[in-house]
Amino acid sequence: THAYESMQGSHSEAAAHCISAMASSIPKLLLLLLCTYLHTLVAHGGYDLQSYKVLHAGALKSATINCSQPKVTPSSGGVTVPLHNRHGPCSPVPSTKAPTLEEMLRRDQLRAAYITRKYSGVKGGAGDVEQSDVTVPTTLGTSLGTLEYLITVGIGSPAMTQTMLIDTGSDVSWVQCKPCSQCHTQADSLFDPSSSSTYSAFPCSSSACAQLRRSHQGNGCSSRSQCQYIVKYGDGSSGTGTYSSDKLVLGSSTVKNFQFGCSQSESGNLLKDQTDGLMGLGGGAQSLATQTAGTFGKAFSYCLPPTTGSPGFLTLGAATSGFVKTPMLRSSQVPAYYGVRLQAIRVGGKQLSIPTSVFSAGSIMDSGTIITRLPATAYSALSSAFKAGMKQYPPAQPMGIFDTCFDFSGQSSVSIPTVVLVFSGGVAVNLASDGIILGSCLAFAANSDDSSLGIIGNVQQRTLEVLYDVGGGAVGFKAGAC
């Protein structure tokens with residue numbers, strides 16, 4: 001099963017269960033074996049008692065579906081909108097068939113490889129803010145096939161409902177507009193600029209158009225002297241149209257003069273899943289986060305739900321207290337991305353002996369990459385330690401980029417070692433069980449070496465409220481937020 005219900009489990013509890021269960025009708029031999037095994041584990045495993053989490057393997061089948069908005073209290077002046085997985089019962093668009101895990105992992109490789117390539121010429125990895133700018137590759141954004149999380153907004157006067165994928169790795173937001181020469185099918189009506197009283201197209205002489213050109217996303221001028229944009233993605237797809245502004249409605253708040261692309265033509269597999277467009281949350285000038293920093297403040301957060309049957313949220317103007325925080329690294333050459341420095345990993349309560357230098361390239365936080373990519377040396381240590389804590393389950397065949405897989409057949413619940421990511425400043429993030437195992441494999445992958453940029457993917461971020469405190473230069477984490 002691809003989703004599990006998370007439960008903290010400790011061996012002291014397990015031992016107590018063994019004693020109380022003696023009187024019940026469980027076959028005595030099986031029980032004896034189980035109790036002996038647990039006792040041995042506690043006595044000789046060397047793991048502390050809080051070092052395991054219990055996964056309930058059947059949870060997906062019986063999981064209650066609750067798509068109502070989680071209770072979130074944004075800071076004063078902030079705004080929160082529900083966020084849903086694009087597949088499954090909570091999706092605001094008709095659910096297209098979810099791709100298989102293998103297909104998702106294949107697309108994920110495209111995105112991760114693309115991000116790594118983008119940084120390959122950047123000195124200083126994830127944080128080179130001191131460096132002078134050099135030429136930026138013209139293909140911005142990333143492969144879109146991995147984007148999974150949607151928000152619903154209103155654009156125009158009167159507001160037209162638009163369902164958009166969020167992406168922390170993109171800056172320019174866009175929706176499909178009438179008239180459209182080449183568009184994908186979508187659930188909502190196409191945005192019609194002519195029926196909005198507050199719509200305007202940017203002239204080529206505008207400062208917004210000049211900014212777009214500086215970001216290498218300008219695409220010349222139309223015959224009516226309107227600013228044209230282009231977004232190109234790592235999978236070869238692209239979209240073009242008129243750079244525009246209009247009123248944006250987010251929950252109960254309104255943003256005037258929101259800049260976005262009015263997409264009139266696309267090529268490649270831009271989006272094939274009924275959604276209307278993309279909302280960029282990157283660190284560049286055109287992103288929603290940057291544009292609304294003056295209104296809501298220079299911080300936003302989100303919580304990605306653990307399953308497709310539960311909701312998360314996106315908050316602009318997030319309160320910045322109550323989080324554990326690590327310094328945010330920024331690159332002047334790739335401004336869209338938010339970087340962090342991983343410095344250690346703990347498995348089952350024990351810190352792995354990985355030299356700190358292994359993590360020196362830094363990592364980026366990415367809502368659109370699925371699986372966390374670690375330096376090769378760090379992944380190797382993680383995989384070995386995790387296997388050692390999972391000896392009771394037979395190994396299974398590798399699947400795609402996953403090489404640490406287990407056979408859970410016949411198990412109603414599975415006990416897995418905790419995994420804690422430790423970031424710069426000693427910030428320890430204890431991953432939810434949904435953030436450790438995907439399918440029946442350890443949900444991490446290795447980079448080809450230690451010098452490539454790491455990526456903290458969305459599986460590892462599930463259930464955490466992740467704070468991007470751009471003004472304060474920090475990335476924060478809060479457990480169990482959705």
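**Figure 1. Strands β24 and β25 pair in the antiparallel sense.** Four bridges join strand β24 (residues 419-423) to β25 in this pairing. The model shown here and in the other views is predicted. Within the pair, Phe423 stands opposite Val427 of β25. The two strands belong to an open sheet of four strands, ordered β18-β17-β24-β25 with antiparallel pairing. The edges are β18 (350-351) and β25 (427-430). Each edge strand has a single partner, so one side of each is left without a neighbour in the sheet. Helix α8 packs on this sheet and touches β17 (342-347) and β24. The direction of α8 makes about 10° with that of β17.

**Figure 2. Phe444 is a buried residue of strand β28.** Phe444 lies in β28. Is Phe444 buried or exposed? Its relative accessible area is 0%, so Phe444 is buried. Thr404 is 40 residues from Phe444 in sequence. In space, C-alpha to C-alpha, Phe444 and Thr404 are 8.8 Å apart.

**Figure 3. Strand β30 is mostly covered.** β30 spans residues 465-469, and five of its five residues are buried. In a regular strand, side chains alternate between the two faces of the sheet. In β30, Glu465, Leu467 and Asp469 point one way. Val466 and Tyr468 point the other way. Residues on both sides are buried.

Figure 4. Strands of a sheet pair through backbone hydrogen bonds, either parallel or antiparallel. Which way do β13 and β30 run? Strand β13 (residues 299-303) and β30 run antiparallel, joined by five bridges. Here Tyr302 stands opposite Val466 of β30. Strand β31 (residues 474-478) is also joined to β30 by five bridges, and these two run antiparallel. Leu467 stands opposite Gly476 of β31. β30 and β31 form a hairpin, with four residues between them. In the turn, Gly473 has a positive phi of about 65°.

Figure 5. The loop holding Thr463 runs between α9 (458-461) and β30. Thr463 counts as buried because its relative accessibility is 11%, and the cut-off for buried is under 20%. Which residues does Thr463 contact, leaving aside neighbours within four places in sequence? They are Cys303, Leu304, Pro306, Ala432, Asp434, Lys478, Ala479, Gly480, Ala481 and Cys482.

**Figure 6. Ser451 is an exposed loop residue.** Ser451 is placed in the loop between β28 (444-446) and β29 (454-456). Its relative accessibility is 59%, so Ser451 counts as exposed; the cut-off for exposed is over 50%. Ser451 and Ser120 are 331 residues apart along the chain. Their C-alpha atoms are separated by 9.1 Å.

Figure 7. α4 covers residues 101-120 and has 20 residues. The helix reaches 28 Å from its first C-alpha to its last, close to the 28 Å expected at 1.5 Å a residue. Its buried residues are Leu101, Met104, Leu105, Asp108, Arg111, Ala112, Tyr114, Ile115, Thr116, Lys118 and Tyr119. What do these buried residues pack against? The partners are β5 (160-167), β19 (363-365), β20 (372-374), β26 (437-438) and β29.

**Figure 8. The whole chain, with its confidence values.** The chain has nine helices and 31 strands. Of its 482 residues, 54% are buried. Among contacts between residues at least 6 apart in sequence, 71% join residues at least 24 apart. The chain exposes about 19,100 Å², and carbon and sulfur atoms supply 55% of this area. The mean pLDDT is 80, and 78% of residues reach 70 or more.

Definitions and conventions. Residues are numbered from 1 along each chain as its sequence is written. Side-chain values use heavy atoms; hydrogens and water are left out. Buried means under 20% relative accessible area, exposed over 50%, partly exposed in between (1.4 Å probe, protein chains only). Two strands pair if DSSP finds at least two bridges between them. pLDDT is the predictor's confidence in each residue, from 0 to 100. Contact means heavy atoms within 4.5 Å. Accessible areas come from the Shrake-Rupley method with a 1.4 Å probe; for residues, only the protein chains shown count as cover. Axes are lines fitted to C-alpha atoms, for helices over the stretch in contact, and angles run from 0 to 180 degrees between N-to-C directions. The expected span of a helix is 1.5 Å times one less than its number of residues.
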